[in-house]
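Me: I would like to learn how to read pairs of aromatic rings and pockets in a structure. Could you take me through them step by step?
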Amino acid sequence: MTYQQAGRVAVIKRIAGWIIFIPALLSTLISLLNFINEHTKTEQGINAVMLDFVHVMVDMVKFNTSFLNVFWYNSPVPALGQGVTTANIVFFIIYWLIFVGLALQASGARMSRQVKHIREGIQDQLILEQAKGAEGRTRPQIEERIVIPRHTILVQYFPLYILPIVIAVVAYFVLKILGLIAG
């Protein structure tokens, strides 16, 4: 692909990354708030006072973000400890989409940096070619020799494979400490 095409692909990847990342993050956060809200209703004692505060905060956030009602009513609430359910599968797919969006955005940013560097290199090379006089190459001749390899998001190991697992493990231990996961 030419460097002009790579520039357009980079912009598309960055936009697609944000379009995937933002809704997936909102849906995941709202799913977790709904999970906490549902699994803390039967507590008694001193925990009940703290959990009442949590319920009030979740209700307040829900009331003040009515523009996010699509997420509040449609985000899957994970059913931890119940095995493989449709809600769990959909929740983890949406959770993983957060990191796909991040990887797309990072890939687009990397391509943008490369295209910018190539564009500056072409300008530098064009100045040198003009100094050669008549036998120097023109801009189209320089540009046709440039081939940019395709960038895939699958080679971004940390944001796509490691980070989701690290965050899931940390979230598991936080939920375990809060007593929301039995076992």
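Reply: Let us start with two residues in this predicted model: Trp 18 and Phe 21 are 3 residues apart in helix H1, which means that about one helical turn separates them.

Me: What kind of aromatic pair do Trp 18 and Phe 21 form?

Reply: In general, a pair of aromatic rings is described by the distance of the centres and the angle of the planes. Here the rings of Trp 18 and Phe 21 are 5.6 Å apart, centre to centre, with 80 degrees between the planes, and the pair is edge-to-face. Phe 21 counts as buried, at 14% relative accessibility, whereas Trp 18 is partly exposed, with a relative accessible area of 42%.

Me: Why is the pair of Phe 91 and Phe 92 edge-to-face?

Reply: The planes of Phe 91 and Phe 92 stand at 75 degrees, and their ring centres are 5.2 Å apart; because planes over 60 degrees apart count as edge-to-face, the pair gets that name. Phe 91 is buried, with a relative accessible area of 7%, while Phe 92 counts as partly exposed, at 42% relative accessibility.

Me: Which residues lie nearest the centre of the largest pocket?

Reply: The general idea is that rolling a probe the size of a water molecule over the atoms shows where empty space is left. In this case the largest pocket holds about 420 Å³ of space, and of its 19 lining residues, Leu 32, Phe 91, Ala 168, Ala 171 and Leu 175 lie nearest the centre. Helices H1, H4 and H6 each give two or more residues to that lining, with H6 providing the largest share, 6 residues. By class, the lining has 18 nonpolar residues, 1 polar residue and no charged ones.

Definitions and conventions
Residues are numbered from 1 along each chain as its sequence is written. This is a predicted model: local features need pLDDT of at least 70, side-chain atom pairs count only at pLDDT 80 or more; totals for chains, interfaces and linings use all residues. Side-chain values use heavy atoms; hydrogens and water are left out. On a 1 Å grid over the protein atoms alone, a cavity is a set of points where a 1.4 Å probe fits but cannot get out, and a pocket is an open set with protein on both sides within 12 Å along at least five of seven lines; lining residues have an atom within 4 Å of a point. Grid points are joined across faces, edges and corners, and a volume is the space filled by probe spheres set on the points. Helices (H or I, at least four residues) and strands (E, at least two) are DSSP runs, numbered from the N terminus. Ala, Val, Leu, Ile, Met, Phe, Trp, Tyr, Cys and Pro count as nonpolar, Asp, Glu, Lys and Arg as charged, and the others, Gly among them, as polar. Rings of Phe, Tyr and Trp (its six-membered ring) pair if their centres lie within 6.5 Å; planes under 30 degrees apart count as stacked, over 60 as edge-to-face and the rest as tilted. Buried means under 20% relative accessible area, exposed over 50%, partly exposed in between (1.4 Å probe, protein chains only).
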